[in-house]
Amino acid sequence: MSQDPVFVSKAFSSIAKRYVLTNHVLSFGVDILWRRQVASMVRDFGGQRVLDIACGSGDLAAEVIKKMPQAEVVAADFCAPMLQQARLRGLPMLLVADGMQLPFEAGFFDSLTIGYGLRNMETWDGALSELGRVLKPGGQLVVLDFSIPRGWLCGPYRFYLHRILPVMGGWLTGNREAYDYLSESIERFPSGDEMCDLMRNNGFDEARCIPLWGGISSIYVGRASDPHS
Ligand SMILES: C[S@@+](CC[C@H](N)C(=O)[O-])C[C@H]1O[C@@H](n2cnc3c(N)ncnc32)[C@H](O)[C@@H]1O
């Protein structure tokens with residue numbers, strides 16, 4: 001499955017100024033708790049160098065910095081207007097960079113985070129391989145993204161995803177197409193075991209999934225394999 005990076009970059013450019021507010025409204029503020037959970041996990045892994053790729057307006061990187069004030073936290077995104085929002089909130093190390101081709105040597109980072117970003121990358125296997133490359137062997141990747149819940153929650157969630165979210169997102173940002181894309185991309189994005197398999201096939205071992213709130217979002221954790229073992 002491939003996403004068009006030109007469309008993705010344009011969509012985020014157009015909603016950049018309203019992105020944070022819209023997120024909090026559409027998720028009823030729960031997205032804040034999920035990012036905090038990711039940041040706590042990264043702190044517990046230890047390490048000094050962290051990359052938050054597809055950082056957007058910097059919400060996740062800001063949480064990591066709060067939990068790890070001594071760490072070097074680089075926040076990178078390929079969409080300059082989204083990065084501008086991160087700049088306005090005062091994040092110290094910002095970089096325009098494409099997650100599909102990162103300007104770092106192999107094994108540079110101890111940990112890597114990506115919140116609601118992998119789903120938007122051109123190819124998921126290509127992105128995961130590149131993220132694995134810049135992690136030191138044994139370093140941890142934490143992916144946070146939406147998923148489709150199973151059981152009774154699935155119907156109401158899909159109703160919200162396809163009927164309510166695009167209308168509200170369009171109303172709040174003026175770009176309904178970006179929120180139609182959001183719903184469709186969540187449907188396409190692999191979740192649970194399928195995502196863990198994708199990670200295992202692209203440079204990670206010990207991949208595991210932590211479903212959040214009945215599976216409406218998930219955290220995936222993968223340990224970068226050692227290419228020499
Ligand atoms: C939904 S936002 C997520 C922002 C932030 N991580 C958060 O937790 O709110 C997705 C971000 O992914 C970025 N993105 C998509 N593809 C990318 C790529 N190939 N390289 C870098 N950033 C990318 C977009 O520009 C956008 O800012």
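Modeller: Helices (H or I, at least four residues) and strands (E, at least two) are DSSP runs, numbered from the N terminus. Axes are lines fitted to C-alpha atoms, for helices over the stretch in contact, and angles run from 0 to 180 degrees between N-to-C directions. Here the axes of helix H3 (residues 30-45) and H4 come within 8 Å and cross at roughly 45°. H3 is therefore oblique to H4, since angles under 35 degrees count as roughly parallel, over 145 as roughly antiparallel, 65 to 115 as roughly perpendicular and the rest as oblique. This is a predicted model, in which local features need pLDDT of at least 70, side-chain atom pairs count only at pLDDT 80 or more, and totals for chains, interfaces and linings use all residues. Residues are numbered from 1 along each chain as its sequence is written.

Biologist: Which residues in H3 meet H4?

Modeller: Two residues are in contact if their C-beta atoms, placed from the backbone, lie within 7 Å. On the H3 side these are Arg 35, Arg 36, Val 38, Ala 39, Ser 40, Val 42 and Arg 43, and they meet Asp 59, Leu 60, Glu 63, Val 64, Lys 66 and Lys 67 in H4. By class, this contact of H3 with H4 has five nonpolar, one polar and seven charged residues. Ala, Val, Leu, Ile, Met, Phe, Trp, Tyr, Cys and Pro count as nonpolar, Asp, Glu, Lys and Arg as charged, and the others, Gly among them, as polar.

Biologist: At what angle do the axes of H7 and H8 cross?

Modeller: The axes of helix H7 (residues 154-173) and helix H8 (residues 176-188) cross at roughly 150° and come within 7 Å. That makes H7 roughly antiparallel to H8. Their contact has seven nonpolar, five polar and two charged residues.

Biologist: Is Gln 48 buried or exposed?

Modeller: A residue is buried if 20 or more other C-beta atoms lie within 10 Å of its own, exposed if 12 or fewer, and partly exposed in between, with C-beta atoms placed from the backbone. Gln 48 counts as exposed because it has 12 C-beta neighbours inside 10 Å. Gln 48 is found in the loop between H3 and strand E1 (49-53). Leaving aside neighbours within four places in sequence, Gln 48 is in contact with Ala 71, Glu 72 and Asp 110.

Biologist: Which helix gives the most to the shell around the ligand?

Modeller: H1 does, with four residues. By class, that shell has 13 nonpolar, six polar and three charged residues.
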